[in-house]
Amino acid sequence: MVPAEFGYVAPRTITEALALLERYGDSARLLAGGHSLIPLMKLRLAMPSMLIDLGEITELRGIRDDSGTLVIGATTTHATVAANELVRARYPVLAEAAGQIGDVQVRNRGTIGGSLAHADPAADLPAVMLALDAQLNICSPAGARLVAARSFFEGMFTTQLAATEMLTEIRLPPLPARTGTAYQKAANLASGYAIVGVAVVVTLDSDGAVAAARIGVTGAGAQPVRATTAEAALAGRVPGEANLSMAASAAGHDIEDPLDDMHASADYRRHLVAVHTRRALERAIAAAG
Amino acid sequence: MPLHVEGRYSFAAPIQRVWETLLDPAAISGCMPGRERFEQIGPDEFEVTLKVKIGPVSGDGTARVTLLDQHEPVRYRMRVHGGGGIGMIDGAGDIELAGSGGVTMVTYRGDADVTGKVAAVGQRLLSASAKMMIGQFFKCMEGRLAAVEPRGAQ
């Protein structure tokens, strides 16, 4: 449980961090909260030769409003996100999910950007980012680009981030009126990881029919996905027993290739996705009022 | 710990061509994810050094791969034995090909015993990682099949 030898640098600005990343390339890892990376290093499953600690970069932290878009700095901790008034008022699904990650220690150190960039298939936040249609701001020495959460995740622990790029901000677009949200998960009792996690954002129109629904699912497959067949089953309809149960069952089948391991079989994961989609939809619709 | 993998992959090519590609040492060498070194040590035996990187986790190892029980073009068996710093693997899998109308369905089913560090701490991700690498392998094979048009075509 002792990591292999590594170098350590703690830049104070994003520009400095990017220059270091360019210099050390693939042999370096960015350190945010460290609650995924450090255990892997102690087990020597990860052996970066250089750690670039982002903890001293104040411009990477904090939550601010940018004319209706909420901007969350990448190294903002889960605890801060869960307690933030703007997040709780505008995106309750994010506060709810962030408040359920791991345990208190993990939430006090772990960061939103760290979790997304690490892309653990059982992490909670990727599902929420898909449901909220978040935009991720990615910086490199060449400049910045915005990537939709939906195209950010490419596989297990694999994202669009290139070796010289860094995730700096999460940008959440405003939600329309009459929108309700909810996050539901089947948590692993020991680790808190999502065996299956479902984030739902539902907007109702003036007749009470579903104007838009976005369902993000994590934990079920190698990467988070939108349950698009389930979303389509709800669109334009007034939610009722028939279409809710159709949507829930469709969500289970939206997982193309479910994980199959000691925690849950592929079939059971599909079942959990259906059950938690149903519960999340009911809560989100009630909240949309 | 036991590792079980199974799945299928569909190729838009006739069975004989798929068979020839899947068993072609150059294609196997070119399509192994993370291959660092590939050496043929017998008619159907290879020694392969892989460097695998999945997110922050990386490891390298050397394995002996043997192709057995070849019933051209419908079935063969692959045995893999070896390992490195992060763990050891000893297993075998059956690969079956079924052709129909220019499309070939390849079905695989394998069991291995995985020991060492990766087995102790990586169970959560082991089967998914294996599946991902198998998927990359077949996808690459598909690319090779598409790139090399059969003689006489067109």
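How many salt bridges does the rule find across the interface of chain B and chain A? One, where a salt bridge is a side-chain nitrogen of Lys or Arg within 4 Å of a carboxyl oxygen of Asp or Glu. The partners are B:Lys131 and A:Asp257, with 3.1 Å from N to O.

Before going on, the ground rules. This is a predicted model, in which local features need pLDDT of at least 70, side-chain atom pairs count only at pLDDT 80 or more, and totals for chains, interfaces and linings use all residues. Residues are numbered from 1 along each chain as its sequence is written, chains are lettered from A and ligands numbered from 1 in the order in which they are written, and side-chain values use heavy atoms, leaving out hydrogens and water.

Back to the interface. In contact, meaning heavy atoms within 4.5 Å, are 17 residues of chain B and 21 residues of chain A. The buried area is about 1700 Å², and carbon and sulfur atoms give 65% of that. Buried area here is the accessible area, with a 1.4 Å probe, that two parts lose on being put together, summed over both.

Now the helix, in chain A. H12(A) covers residues 266-288; helices are DSSP runs of H or I, at least four residues, numbered from the N terminus. From first C-alpha to last, H12(A) reaches 32 Å, close to the expected 33 Å, which is 1.5 Å times one less than its number of residues. After H12(A) comes A:Gly289, with a positive phi near 60 degrees.

Terms used:
Helices (H or I, at least four residues) and strands (E, at least two) are DSSP runs, numbered from the N terminus.
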